[in-house]
Amino acid sequence: MSEIVIYHNPRCSKSRATLAILEEQGLKPTIIKYLEDAPSIDDIKLVLKALDMGPRQLMRKGEAEYKDNNFSNEALTDDELIAMMHQFPKVIERPIVLANGQARIGRPPESVLEILS
């Protein structure tokens, strides 16, 4: 099995539950606390490709950073949105697990099991 990575926010119950599921499977994922160590633009692009999503689909639209920084502006390009996601990582949906060239958002946490085999 390839390396397993989780973009994790320890304060989020879904993120904690997703990490617990991975550990219950005997896995030791690489934990990226993405609020402390913002993913690079290339990492965000990799995650979006693995999820088969556009940037807007991976955003937490209820966050103050989303509203305060005009993320809802439809004129913004995908590259501009990705750059803003790098600058304001709190708007990135969580948790995200990468494994075997695929990715899943841990909502519900059990959804990550789909990519572990």
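Student: Before we start, what should I know about the numbering and the model?

Tutor: Residues are numbered from 1 along each chain as its sequence is written. The model is predicted, so local features need pLDDT of at least 70 and side-chain atom pairs count only at pLDDT 80 or more, while totals for chains, interfaces and linings use all residues, and side-chain values use heavy atoms, with hydrogens and water left out.

Student: What makes a stretch count as a helix or a strand?

Tutor: Both are DSSP runs, numbered from the N terminus: a helix is H or I with at least four residues, a strand is E with at least two. The protein chain has 4 helices and 4 strands, and their order from the N terminus is β-α-β-α-α-α-β-β.

Student: Why is G106 called buried?

Tutor: Buried means under 20% relative accessible area, exposed means over 50%, and partly exposed is in between (1.4 Å probe, protein chains only). G106 has 0% relative accessibility, so it counts as buried. Of the 117 residues in the protein chain, 44% are buried.

Student: Where is G106, and which residues is it in contact with?

Tutor: G106 sits in the segment after β4. Contact means heavy atoms within 4.5 Å. Leaving aside neighbours within four places in sequence, G106 is in contact with K14, T18, P95, S111 and V112.

Student: How do you know that the buried residues of α2 line one face?

Tutor: In α2 (residues 41-51), the buried residues are I44, V47, L48 and L51. Seen down the axis, they fall within an arc of 100°, so they line one face of the helix. The arc is that of the directions from the helix axis to the C-beta atoms. Here's the background: an α-helix has 3.6 residues a turn, so residues three or four places apart point the same way. On the other side of α2, D42, L46 and K49 are exposed.

Student: And what do the buried residues of α2 pack against?

Tutor: They pack against β1 (5-8), α4 (78-87), β3 (96-99) and β4 (102-105).

Student: What makes the buried residues of α4 a one-sided set?

Tutor: The buried ones are L81, I82, M84 and M85. They cover an arc of only 160° around the axis, which puts them on the same side of α4. D79 and Q87 are exposed on the other side.

Student: Why is D52 called exposed, but N70 partly exposed?

Tutor: D52 has a relative accessible area of 70%, so it is exposed. N70 has 42%, so it counts as partly exposed. Neither is a glycine, yet phi is positive in both: near 55° for D52 and about 60° for N70.
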